[in-house]
Amino acid sequence: MAHSLVPVTPRWPGVAAAALVLVLTLGTLAAVGWRAEWMGGLAPADWAAVRFTLVQAFLSALLSVLLAIPVARALARRGFYGRDLLITLLGAPFLLPVIVAVLGLLAIFGRGGLLNDGLVWLGFQPVSIFGLHGVVLAHVFFNMPLAVRFILQGWLSIPAERFRLAASLNAPVGRLLEWPMLRSVVPGTFLVIFLICLTSFAVALTMGGGPRATTVELAIYQAVRFDFDLGRAALLACIQFGLCVLAAALAWEVTGNDPMGAGMDRVVQRWDLPRPVVDYAVIAMAALFLLLPLGMIVVRGLPAFPDMPATVWAAALRSLCVAIGSAALCVLMALALALRGGAMVSVVGVMPLAASGLVVGTGAFLIVFPFVRPADVALLVTMLVNATLALPFALRAIAPTVDQINQSYGRLGLALDMRGWTWLRWVVLPRLRRPLGFAAGLAAALSMGDLGVIALFAGQGQETLPLAMYRLMGAYRMEAAASAALLLVVLSFALFWICDRWGRGRVEM
């Protein structure tokens, strides 16, 4: 009888985690499909929402990639003091709550922002940020740093030997080395950002600016919260799910391997570089674009911090509870799936990428509505959905380490008859501490800033911190909203830092 190379661990946690993911993705999709009004079709306003969704996602992804290419090229070609810190800060918008970044952008480009103040001082008419250009601007703010990280990795993957060979042959580096790399990296980067922009609800909610700037997700929200037209909301949710599945499939298909090959890990030396003025100017403008809105949040939020309404503190406590519960559940599901292994786990682990939070929330709303008031389970459903949507990122952090542990210690564990909890306690968990901490911090930060499902379910007195901040903005209490934004940023990054710091700590055996 053949024996597995991995010590036997209970299989039911992985099965339970997979079942929960299937219920929250395919189960909610079945609910919206069952309730959808297929015979009535889409109204002209719904078709306009579909067109606007595709247009804004395309423009956002295109501009993010086009702006990221010179920034990534400059960072790859130049070394300077603080370069590593700047590259690290490029990952901050991924953890930054969307509603906070929107408030920062309004402080720069909004009606009372720095840009319009300067235009009025110069005698020009102020400009409006709301509409298509505002949505695209916000998406570029979030996704251009992500594109820079992807494309920069492509530049850094070109072996130093290729540059030496090009220099010895006096060959054009751009055409022979950089252009093939960009053809490999850029299409996948574009489609990943396109998928992210398809499912961006908070940006459209705050920056849309009317019926002509309504996305599919915003139309779903309006159909549930204002019209209570569940059939129309379900039909729009099915369309949104189809768009996400198509974009995810295309992104998976075009993501290829590195065409540059391997090198000897030598330091890259370039002989083809022009003067550094242009590169440093590009880096400075990118840093200013990213850091100035965040600086404005601190400047405007800090003075009003002591006078923040009591409701904001209550909302912050609810957000903390939801974020901690979501992170714990996400890590447990990721660990159970990683230990279960197999092709099924790989498929289940990426399924949440094709399901937006609002589509899952709409399905959950339809499921619970006949039995309980949706507001009564608002925080619980929000926690479950946030944990599921963060699962692909947590699984990506945990699964490779689990595979490495099984390959390195599986035979020894079988020889010592280490099974079940003993195997987990003494072999797996100590070596998983770092990825577990990172995954928990990432899931907690993402949940802390989520403004999606809670907007569908929450009633009075059940708002989380992002929703409380959005309502303050809607009431034009911008100073209080800025102080709430500052609190949200501090709590989000504190949760991530605490979890990640725990993961980096020394493990006592």
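User: Before we start, what counts as a salt bridge here?
Analyst: A salt bridge is a side-chain nitrogen of Lys or Arg lying within 4 Å of a carboxyl oxygen of Asp or Glu. Please keep in mind that this is a predicted model.

User: Then how many salt bridges does a search of the whole structure find?
Analyst: The search of the whole structure finds one salt bridge. It joins the side chains of Arg-471 and Glu-463, with 2.7 Å from N to O.

User: Are those two residues buried or exposed?
Analyst: Arg-471 is partly exposed, because its relative accessibility is 28%. Glu-463 has a relative accessibility of 12% and therefore counts as buried. The cut-off for buried is under 20% relative accessible area, and partly exposed runs from there up to the exposed class, which is over 50%.

User: What about the accessible surface?
Analyst: The accessible surface of the protein chain is about 24,400 Å², and carbon and sulfur atoms account for 67% of that area.

User: Which residues make the nonpolar surface patch?
Analyst: A patch of about 620 Å² is formed by Val-55, Phe-58, Leu-59, Leu-62, Leu-63, Leu-66, Leu-67 and Leu-132. Helix 2, residues 44-77, supplies the largest share, with seven residues.

User: Tell me about Phe-58. Where is it?
Analyst: Phe-58 is placed in helix 2. Its relative accessibility is 42%, so Phe-58 counts as partly exposed. Besides being part of the nonpolar patch, Phe-58 is linked through ring pairs with Phe-190 and Phe-194 into a cluster.

User: How many aromatic pairs does the structure hold?
Analyst: The structure holds five aromatic pairs. One of them is formed by Phe-141 and Phe-289: the ring centres are 5.8 Å apart and the planes are at 75°, so this pair is edge-to-face.

User: Why is that called edge-to-face?
Analyst: The angle decides it, because planes over 60 degrees apart count as edge-to-face, and the planes of Phe-141 and Phe-289 are at 75°.

User: Which parts of the chain does that pair tie together?
Analyst: Phe-141 belongs to helix 7 (residues 132-156) and Phe-289 to helix 13 (residues 277-301), so the pair ties together parts that are 148 residues apart in sequence. Both Phe-141 and Phe-289 are buried.

User: What about Phe-438 and Phe-496?
Analyst: They form an edge-to-face aromatic pair, with 5.9 Å centre to centre and 80° between the planes. This pair links distant parts of the chain, with Phe-438 in helix 19 (residues 433-448) and Phe-496 in helix 22 (residues 478-504), 58 residues apart. Phe-438 has a relative accessible area of 34% and is partly exposed, whereas Phe-496 counts as buried at 16% relative accessibility.

User: What does Leu-75 touch?
Analyst: Not counting residues up to four places away in sequence, Leu-75 touches Phe-80, Arg-83, Leu-86, Ile-87, Leu-90, Val-148, Leu-152 and Ile-283.

User: And Asn-143: where is it, and what is it in contact with?
Analyst: Asn-143 is in helix 7, and it is buried, with a relative accessible area of 4%. Leaving aside neighbours within four places in sequence, Asn-143 is in contact with Ser-64, Ile-193, Ile-196 and Cys-197.

User: Last one. Where is Val-347 placed?
Analyst: Val-347 is in helix 15, residues 343-350. Val-347 counts as exposed at 52% relative accessibility. Val-347 and Ala-18 are 329 residues apart in sequence and 9.8 Å apart in space, C-alpha to C-alpha.

Terms used. Residues numbered from 1 in each chain as written. Predicted model: local features only at pLDDT ≥ 70, side-chain atom pairs only at ≥ 80, totals over all residues. Heavy atoms only, no water. Patch = residues over 30% accessible without salt bridge, like charges linked within 9 Å, V, L, I, M, F, W, Y side chains within 5 Å. Areas by Shrake-Rupley, 256 points an atom, 1.4 Å probe, with all protein chains shown as cover. Helix = DSSP H or I, 4+ residues; strand = E, 2+ residues; numbered from the N terminus. Buried < 20%, exposed > 50% of the residue type's maximum accessible area, 1.4 Å probe, protein only. Phe/Tyr/Trp six-rings, centres within 6.5 Å; stacked < 30°, edge-to-face > 60°. Contact = heavy atoms within 4.5 Å.
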